[in-house]
Amino acid sequence: MTKVGWSCSTSTVRVSVRSVVCVTQNLARTAGELRAAGHLPRGVKTEIRENLLAALREGRNPWPGIVGFDRTVLPQLERALLAGHDIVLLGERGQGKTRLLRTLVSLLDEWTPVIEGSELGEHPLDPITPESRRRAAELGDDLPVVWRHRDERYAEKLATPDTSVGDLVGDVDPVKVAQGRSLGDPETIHYGLLPRAHRGIIAINELPDLAERIQVALLNVMEERDIQVRGYTLRLPLDVLLVATANPEDYTNRGRIITPLKDRFGAEVRTHYPLEVEAEVDMVRQEAELVAEVGDHLLEIIARFVRHLRESSSIDQRSGVSARFAIAAAETVAASALRRSALIGETPAIARPVDLESVPDVLRGKLEFEAGEEGREEEVLVHLLRRSIADTARARLAGLNLRTLAEVVSDGHPVATGDRVHAGDLLAALPELPILHEVAERLGAGPKDPVGRIASAVELALESLYLTRHLSKDNSSDDDRSVYG
């Protein structure tokens, strides 16, 4: 395809007033100008293939914001796109399937020409509806052209049981019939979501939740690329990339993808949760909206906690432990730190290990437990959280001799922590010790850093000593304080 050049550019993803004005002023505005510039129409799958190949050859990342799929999911997805296949992403909840589908938009041309006023966004040199063909024949090179941004070429539908054939494909428009047109006139049809996605991408989330009779309506669209509406057979050569998501649990029990439709998808790509702790931390850091500072060691604890949940026999693994749980956990920890900051005037607000205690209580409802665990939910979560803290401390503080710290605390320097304990008070309870500087340095806190950052590192060391039975920990119900001693 030969593109029409323009002098004005935009780096924004969303369509802005400036970019629209820019296109209006600098791009072809009629079919004749478009033809004179050598512009040729191409299919959406060809467009995606060529843009993906260009990104791969230039070393650009075609999947911004996608974490943990580099060696598994993305190569499979890229092969499917290069082959021109319709795709279904199969995976448990919270594995980033919808996020991945929305990233496909970046593989479309930023701007593409369409016939002004056409319902289906048809190419000016390749109209497909009777009305647009008639206009093209009447106006010739004067057929008006507008330019559509790639964001407008992506449509998404959540498959719900009440979805109808009219929603997806179309139905007779009673208003047009009332205007005097006959029922046999194809122009009386109100087009559904699929035809309106012509020359773009249509994504159907949770495809198995579509009633089987509704799934049948997709068969012609995927194979013959035409649509049928109440007895009309419209030979519309639709140009769409159909992508869908499905959950394995829904796939086999609550609903299913009917065999003929499943056969028409060229590729089925399995997604997964992050395979490495570092990838989970990167994902949480990228997605979470943190209202206070949360150190990497605390995010690692959350990541390990989520991984332990995904491996626990007490958790219903058929429903999975969503990545949203890890994100919500990090946001809850940050909120706990912000609350403490407001209560005692500690600034800046920096999370400490004590803030992790809020996670089980707040997020317990986001998990599905096995039937035999009724009444033990909190016990299970607290146990796995402590394991995660111990694992993180062992990994990050490996090689440091914390015995000196344990002896000092045991010999008359108890250390208190809690929602109303200032970071400065926590550190003031301890004498000057070289091991404290080593712990802080190991966890990324320097001597000139805020006191809260140093206190967070020291508190992790204290909690580690408690979990390994080198220190005791007394909890006071009166003032929500915990004392290491």
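1. Axes here are lines fitted to C-alpha atoms, for helices over the stretch in contact, and angles run from 0 to 180 degrees between N-to-C directions. The model is a predicted one, in which local features need pLDDT of at least 70 and side-chain atom pairs count only at pLDDT 80 or more, while totals for chains, interfaces and linings use all residues. Residues are numbered from 1 along each chain as its sequence is written, and side-chain values use heavy atoms, with hydrogens and water left out.

2. Helix H14 (residues 296-311) and helix H15 (residues 323-344) have axes that come within 10 Å and cross at roughly 145°; helices are DSSP runs of H or I with at least four residues, and strands are runs of E with at least two, numbered from the N terminus. In their contact (heavy atoms within 4.5 Å), the residues of H14 include Phe305 and Arg310, and those of H15 include Phe325 and Val333.

3. Helix H3 (residues 44-58) has its end C-alpha atoms 21 Å apart, which agrees with the 21 Å that its 15 residues should span at 1.5 Å a residue, the expected span being 1.5 Å times one less than the number of residues. After H3 comes Gly59, with a positive phi near 75°.

4. Val243 lies in strand S10 and counts as buried because its relative accessibility is 1%, where buried means under 20% relative accessible area, exposed over 50% and partly exposed in between (1.4 Å probe, protein chains only). The C-alpha atoms of Val243 and Leu89 are 7.8 Å apart, although 154 residues separate them along the chain.
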